[in-house]
Each structure stands twice: as C-alpha cells, then as structure tokens.
Amino acid sequence: IRDITPPGFQFFGQPRQSPSNNTTHCTSGGGLGFLFRDHLKTYLDTTPSYSSFESLALTSKLPSGSITFFNVYRPPDSSAYSAPFSSFLSDFSAFLSLATTTPHEFLITGDFNIHVNDPTDTHAAQFLNLLAAHSLQQHVTFPTHILNNTLDLVITPSQSTLHPAITCLPTSPSDHFLLLTC
C-alpha cells in the first residue's frame with residue numbers, strides 16, 4: 001500500500017494478524033490503515049489488543065487542537081475469526097471506556113459488520129444501546145454494502161463539536177462502498 005500511496009499523503013497501517021491459536025486458517029492481506037495528507041502532524045497511538053476486533057488509533061495535531069481517529073474492524077459472524085457477539089460487546093465497552101477518556105476530540109470509524117440499519121436486529125440494538133450508554137452518536141444513515149446494509153460507521157461523542165459530512169462512492173472493487181468523511 002505504501003508503494004501506491006499518492007504523492008502528498010502518508011499511509012499508516014497495521015497488517016491483519018492471524019490468530020496464534022488458529023492453525024487451520026491462514027490469511028494473507030487485510031488489516032487496518034489510514035491515508036492522511038502529509039502536511040498534518042500525525043502519529044500512531046498505541047491501543048490495547050482485543051480478541052473480538054482489530055483497532056488502530058492515530059492522532060493529528062491541528063492548529064486548533066488535536067483529534068484522535070480510531071479505526072475498527074470486526075469480522076462478520078460468518079467468519080472463522082469471529083468471536084461471540086457477547087465477547088465483542090464486552091471488548092468494545094472496554095475500548096469505549098478508553099476512547100471516551102481521550103482529552104480532545106475523537107472519531108471512531110470502521111467496518112463493524114453489524115446491520116445498524118435493521119431495527120429488528122438484536123445485535124444492532126445491543127450495539128446502539130452501548131453507544132448511547134457512552135454518549136456516542138453513529139452518523140452513517142445509508143447503505144455501505146452491496147446487500148443494502150449499513151456496516152461501515154462513523155461515531156463521535158454526542159456533544160462533539162465535530163459534525164462529519166459523510167458521502168459514499170457506490171462503486172468499489174470491494175463489496176463495501178468507500179466512505180469519505182470530512
């Protein structure tokens with residue numbers, strides 16, 4: 001990815017790690033990453049490791065302060081690498097307890113593989129209740145996947161001064177659409 005990073009940008013990434021306890025499934029590719037303008041003072045943060053999802057954090061220093069971006073990937077329930085949803089809720093609650101203590105603005109984004117567009121989905125209801133319990137707001141209101149589900153999310157504190165403008169490019173080499181957030 002670094003070799004195809006456009007001029008004027010920096011790529012910060014973390015390759016997907018195969019679980020050490022899983023010797024029957026080997027994966028290559030995947031992982032998390034950020035693409036940022038190189039004029040921004042940006043650095044990677046360390047975050048704890050969780051068994052039910054991957055995460056990566058990056059902080060940018062801006063003239064008006066700092067902002068931390070968290071990127072999350074939760075494997076779909078059908079994946080051999082998926083953990084029980086109850087484990088995800090527990091892990092993500094611990095993650096949110098850490099994220100919400102960030103001393104400046106923050107934004108959480110990523111592929112959660114939760115159908116937040118479906119009001120009858122019990123996982124979606126539990127997840128959205130967890131966000132509400134941490135005073136967080138999910139901003140994506142349109143499908144982000146070719147099967148018409150909203151799986152890719154942008155989350156901020158409810159009282160944030162950030163008001164992300166989110167657009168979607170409905171063409172992609174993936175089964176997920178590209179979200180642009182500014």
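Predicted model: local features only at pLDDT ≥ 70, side-chain atom pairs only at ≥ 80, totals over all residues.
Local features are reported for residues with pLDDT of at least 70 and side-chain atom pairs only at pLDDT 80 or more, whereas totals for chains, interfaces and linings use all residues. Residues are numbered from 1 along each chain as its sequence is written, and side-chain values use heavy atoms, with hydrogens and water left out.

**View 1. Phe70 and Phe106 form an edge-to-face aromatic pair.** Rings of Phe, Tyr and Trp (its six-membered ring) are paired if their centres lie within 6.5 Å; planes under 30 degrees apart count as stacked, over 60 as edge-to-face and the rest as tilted. By this rule the model holds 14 aromatic pairs. Phe70 belongs to strand β5 (residues 65-73) and Phe106 to strand β6, so the contact ties together parts that are 36 residues apart in sequence. Strands (E, at least two residues) and helices (H or I, at least four) are DSSP runs numbered from the N terminus. Phe70 is buried at 5% relative accessibility, and Phe106 is buried at 4%. Buried means under 20% relative accessible area, exposed over 50%, and partly exposed in between (1.4 Å probe, protein chains only).

**View 2. Phe85 and Phe88 form a tilted pair.** Their ring centres are separated by 5.6 Å, with 40 degrees between the planes. Both residues lie in helix α1 (residues 85-99), 3 residues apart, which is about one turn of the helix. Phe85 and Phe88 are both buried.

**View 3. Ring pairs link a cluster of aromatic residues.** The cluster comprises Tyr50, Phe53, Phe70, Phe85, Phe88, Phe92, Phe95, Phe106, Phe112 and Phe127.

**View 4. The charged end of Arg74 sits over the ring of Phe88.** The distance to the ring centre is 5.3 Å. A charge is assigned to this position if NZ of Lys or CZ of Arg is within 6 Å of the ring centre and within 35 degrees of the ring normal.

**View 5. Asn113 and Asn148 have positive phi values.** Most residues other than glycine have a negative phi. Asn113 shows a phi of about 50 degrees and lies in the loop between β6 (105-111) and α2 (122-133). Asn148, with phi near 70 degrees, is found in the loop between β7 (136-138) and β8 (152-157). Asn113 counts as buried at 15% relative accessibility, whereas Asn148 is exposed, with a relative accessible area of 54%.
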